[in-house]
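Subject: Structure for you to look at

Dear colleague,

I am handing over a structure that I would like you to open and read alongside this message.

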Amino acid sequence: MSALHIKLKTSPHLIQAVSVEQIMRNVVYALLPVCAFAVWHFGISALALLVTTTAACVGTERVINLLSGKPSTVTDFSAVITGLLLALTLPPAFPLWMAAVSGIIGIALGKAMFGGLGYNLFNPALIGRAFAQGAFPGAISTWTLPGHPDRFVEFLPSTLAIPFTRPESVDGWTSATPLTAWKFQGVDTPSMELFTGMVAGSVGETSALLILGCGLYLVARRMMNWHIPAAVLSGAFITAGVCYLIDPNAYPTPWFVVLSGGLMLGAVFMASDMVASPVTRSGVWLYGLLIGFLTVIIRFFGGLPEGVMYAILLGNAASPLIERITQPRPYGTGRRRPL
Amino acid sequence: MAIKPDTQPITPDTFLSGIWRENPVFVMLLGMCPVLAVTNSVANALAMGLATTFVLLCSNALVSLLRRQIPKEVRIAAYIIIIATFVTVVDYLIHAISLEVYDALGAFIQLIVVNCMILGRAEAFASRNRLSNTLVNSLGMGIGFTIALLCLGSVRELLGAGALLGYPIFGQSFEPWIIMLLPPGGFFVLAAWLLLFAWLKESQQRRKQAAAAAPQNGGKLGGASIHAR
């Protein structure tokens with residue numbers, strides 16, 4: 001190819017076009033505070049997880065680029081986002097080798113298999129996590145205490161498990177997340193603790209306040225569709241509210257539902273995945289409400305304490321259909337086309 | 001009924017086509033139901049493969065013997081009855097030999113009757129060829145099917161339980177990948193094998209093309225033409 005590159009653009013030339021790489025870089029910026037809080041909260045094990053999954057995702061992306069003879073897509077930062085998001089959804093004591101496997105699967109199966117960025121049907125990070133949930137159900141439901149005094153000097157015992165071996169147990173570090181405490185022990189966690197994030201949970205899901213702040217940054221930069229998180233959260237709030245009104249003793253308050261677990265992280269950073277979500281205005285709301293509704297249904301009536309991951313994956317799967325239903329009718333074309 | 005005189009000789013290909021070129025699982029993608037469902041261990045895969053091979057061999061032999069007697073209009077029904085007979089035999093046999101295997105395979109033994117590989121062989125080969133050819137071809141197909149099941153079963157048992165035929169390979173500290181024993185594991189492993197075979201076939205073709213292109217342009221443009229493909 002020649003060295004001369006001329007980019008042709010249509011008018012108006014006053015408006016600066018936003019490239020994929022710019023958006024992705026800003027999402028990484030928005031994720032950094034969440035990552036920093038996670039490392040402060042859970043210590044060097046969380047840092048190791050973040051580094052491992054990011055390296056696994058970027059490495060897989062590069063290798064697949066090389067194998068398929070395509071130009072490198074590492075520099076568009078999307079693999080970095082997948083890696084960071086995957087680590088943020090994993091428990092702090094998750095063994096690093098399992099995290100690396102999840103990252104590889106997430107990129108290879110969730111993204112490259114569909115044709116790369118822009119073609120992926122599902123959020124790649126959640127594909128990786130769903131694989132981990134299926135493959136290593138024990139390790140992915142082991143939660144550890146936040147703010148442990150030794151968290152900056154030693155790794156959690158299971159973090160450095162030798163690849164393909166069973167991780168050591170983390171007795172003495174374990175703790176229940178607000179959701180497991182509610183589901184299996186009937187203990188409620190105060191909403192304020194959930195809001196600030198001083199609880200156990202996945203690496204980056206605990207602080208609702210911080211996630212909301214970072215989401216606001218992206219919305220202010222116009223790099224995220226705020227309708228999606230709003231729809232997801234209101235979907236969950238309404239469903240949980242109905243359940244709470246029917247039987248206040250059996251179900252937690254809607255505030256608990258919205259602030260606990262990975263709902264905030266999922267709503268702000270994963271459901272809003274630009275590729276796997278619908279584009280029409282009403283479709284976006286339908287998609288978000290569906291995810292919120294499914295999350296609450298899985299949490300209340302399913303076997304697992306947390307349902308955000310499957311809810312978002314199901315929402316991703318439904319989004320082509322949602323787009324088809326909500327396609328606007330061109331003016332003057334008569335009645336709506338039957339499906 | 002105009003059946004052409006079937007006097008084709010038995011060639012090595014009659015036997016080998018079922019194992020490689022027309023492998024029922026990896027090339028024709030037939031009989032996916034048992035392939036995905038009962039390959040969670042080597043023992044199950046082997047039992048399923050042998051049972052299917054037995055049914056394939058016996059039913060196709062009978063179809064081949066009766067090929068001039070079966071009217072064309074009701075041939076599918078006739079084939080199904082013949083296949084069902086041998087499936088019943090296999091069902092009772094496995095039940096008598098090993099209750100453990102019988103329970104593990106469950107309804108999939110009876111479901112051999114609708115395995116489209118068997119019906120396909122009856123329709124495409126046994127009804128048009130004499131007994132000796134049919135036996136050789138069916139044996140090849142059965143072995144190809146069994147090998148494919150073993151390919152899936154060994155990978156799934158190795159990753160999902162850290163064992164082969166029940167004997168632990170990786171020792172006690174191995175962390176099993178539970179998902180490999182569950183239905184998604186079947187899809188993952190099948191896809192991986194298909195990928196491998198597609199890649200092998202493509203690189204074979206590429207070599208052939210390069211060899212064909214080499215005399216004309218001295219092999220220099222061989223690489224470029226491959227890239228453009």
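This is a predicted model: local features need pLDDT of at least 70, side-chain atom pairs count only at pLDDT 80 or more; totals for chains, interfaces and linings use all residues.

The domain assignment divides chain A into two parts, with domain 1 covering residues 19-175 and domain 2 covering residues 176-325. The C-alpha centres of these two domains of chain A lie 20 Å apart, and the contact between them takes 35 residues from domain 1 and 31 residues from domain 2. On the domain 1 side of chain A, the elements that give two or more residues to this contact are helix 1 (20-42), helix 2 (44-68), helix 3 (78-89) and helix 5 (124-135). Helix 1 of chain A gives the most to that side, with 12 residues. If you sort the residues on the domain 1 side by class, you will find 26 nonpolar, eight polar and one charged.

The crossing of helix 1 of chain A with helix 8 of chain A is right-handed. From helix 1 of chain A, the residues that make the contact are Asn26(A), Val27(A), Ala30(A), Leu31(A), Pro33(A), Val34(A) and Phe37(A), while helix 8 of chain A brings Leu210(A), Ile211(A), Cys214(A), Tyr217(A) and Leu218(A). Taken by class, the residues of this helix contact are 11 nonpolar, one polar and no charged.

Chain A also touches chain B, with eight residues of chain A in contact with nine residues of chain B. The side of chain A that touches chain B has five nonpolar, two polar and one charged residues.

In chain B itself, Leu182(B) lies in the loop between strand 2 (167-168) and helix 8 (183-217). Is Leu182(B) buried, exposed or partly exposed? Leu182(B) has 16 other C-beta atoms within 10 Å, and so counts as partly exposed, since that class falls between the 12 or fewer of an exposed residue and the 20 or more of a buried one. Leu182(B) and Gly120(B) are 62 residues apart in sequence, and their C-alpha atoms are 29 Å apart in space.

With best wishes

Note on methods: Residues are numbered from 1 along each chain as its sequence is written. Chains are lettered from A and ligands numbered from 1 in the order in which they are written. Domain bounds come from an automatic or database domain assignment. Two residues are in contact if their C-beta atoms, placed from the backbone, lie within 7 Å. Helices (H or I, at least four residues) and strands (E, at least two) are DSSP runs, numbered from the N terminus. Ala, Val, Leu, Ile, Met, Phe, Trp, Tyr, Cys and Pro count as nonpolar, Asp, Glu, Lys and Arg as charged, and the others, Gly among them, as polar. A crossing is left-handed if the near helix is turned anticlockwise from the far one by less than a right angle, and right-handed if clockwise.
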